[in-house]
Amino acid sequence: MIRIITDSAADLTAQDLAHPGVYVVPMAITFEDGSSIEDNGQMTKDEFFQRLASDSKLPHTSQPSPAAFMEAYADAELDGDEVIVITVGQKLSGTYQCAVMAANDVDTPVYVVDSETATQGEAVILREALRLRDMGLSAQQIVDVLERFKKRVRIVAVVDSLKHLQKGGRVSAAVAIVGGALGIKPVISLYESTVKLAGKGRGRPGALVSMFKQLDEMGGIDTNYPCVVLYSDEKQMAAPVHHYLTQNLKLEGVRTSQIGATIGTHVGPRATGIVFVAKESV
């Protein structure tokens, strides 16, 4: 069997985890009082965002250790499984390097894919890996497809401010200042491991319009793959986005998913966004 391992930044759903051979290596979150949790469900997503709002300092996230990956690989080796690992973008975290280091110390075949994305972007890539596995492709064939497919995965989102991304080192202070003008809500994009200020709008309604315009500017939606609407702490933030995709664009199969603690640390509260697969360029 081909075992597919990812990290907790992928924010997999219960439905994803129900697939045979899917495993998650958790990241860790450390709060200002020094307490740490693993991002494995021991604190619910809602509880995490409540803690994020009440603490005066931003928590910090830690990638899984090489030892954590080695344990996952050793377990696969006992079952005679090959392993495909899909990690959060390596420019965003050291997780990819840890997964590769651990792969060098086991005999079982391990293929590590840098997703170049995060949260449900990673999950979209994992679902494509599962689809290809069910079609009977080999691990090497699946990885070859994923390396091309991941270049089409896009995330665009409205965030309340860029302060969390700046504090976490994901955007520069200069970008944070531009995106933080009075009354302006920034629109960010994530693909090919890069977080960019993609647009902005006056207030949330203006920012949503700016975000919707980005869908075409970022390559257009390939309707063969369902979009995912993201939200951080307030589910109602996702409603107008879901409405636009299903009613205005007439898209089917649109999912809604809450961002977890690892990525939530960096995007902060009141965020909402869209994960989609861009059309293949001709």
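Two strands pair if DSSP finds at least two bridges between them. Helices (H or I, at least four residues) and strands (E, at least two) are DSSP runs, numbered from the N terminus. Keep both in mind for the tour. What you have open is a predicted model, where local features need pLDDT of at least 70, side-chain atom pairs count only at pLDDT 80 or more, and totals for chains, interfaces and linings use all residues. Residues are numbered from 1 along each chain as its sequence is written, and side-chain values use heavy atoms, with hydrogens and water left out.

**Stop 1: a hairpin**

Select strand S9 (residues 184-191) and strand S10 (residues 194-202). They pair in the antiparallel sense over eight bridges. Pick out Val187 and you'll find that its bridge partner in S10 is Gly199. Two residues sit between S9 and S10 in this hairpin, and Glu192 in the turn has a positive phi of about 50°.

Is Gln214 buried or exposed? Its relative accessibility is 9%, so Gln214 counts as buried (buried means under 20% relative accessible area, exposed over 50%, partly exposed in between, with a 1.4 Å probe and protein chains only). Leaving aside residues up to four places away in sequence, Gln214 touches Val156, Val187 and Ala198; contact here means heavy atoms within 4.5 Å.

**Stop 2: an open sheet**

Next, bring up the open sheet of four strands, ordered S2-S1-S6-S7 with parallel pairing. Its edge strands are S2 (22-25) and S7, each pairing on one side only. Neighbouring strands in this sheet are turned by 25° against each other on average, direction ignored. (Axes are lines fitted to C-alpha atoms, for helices over the stretch in contact, and angles run from 0 to 180 degrees between N-to-C directions.)

S6 and S7 run parallel, joined by five bridges, and Ile84 stands opposite Tyr111 in S7. Helix H4 packs on the sheet, touching S1, S6 and S7, and its direction makes about 170° with that of S7. Helix H5 (residues 119-134) lies across S1, S2 and S6, running at about 180° to S1.

Zoom in on Ile4, in strand S1. Ile4 is buried, with a relative accessible area of 0%. Beyond residues up to four places away in sequence, Ile4 has contacts including Val22, Ile84, Ile86 and Leu130.

**Stop 3: one face of H4**

Which residues of helix H4 (residues 95-103) are buried? Color Thr95, Cys98, Ala99, Ala102 and Ala103: these are buried. Look down the axis of H4 and these buried residues fall within an arc of 135°, so they line one face of the helix. (That arc is taken from the directions from the helix axis to the C-beta atoms.) Their cover includes strand S1 (2-7), helix H3 (66-78), strand S6 (82-87) and strand S7 (110-114).

**Stop 4: a strand covered on both faces**

Finally, select strand S11 (residues 228-231). Val228 and Leu230 on one side, and Val229 and Tyr231 on the other, are all buried. S11 pairs with strand S12 (residues 255-258) in the parallel sense over four bridges. Follow the chain from S11 through helix H10 (residues 239-248) to S12, and you trace a right-handed β-α-β crossover. (Right-handed means that, with the strands pointing away from the viewer, the path from the first strand over the helix to the second runs clockwise.)

S11 also pairs with strand S13 (residues 272-277), in the antiparallel sense over four bridges. Click on Val229 to end: Val229 stands opposite Thr256 in S12, and its bridge partner in S13 is Ile274.
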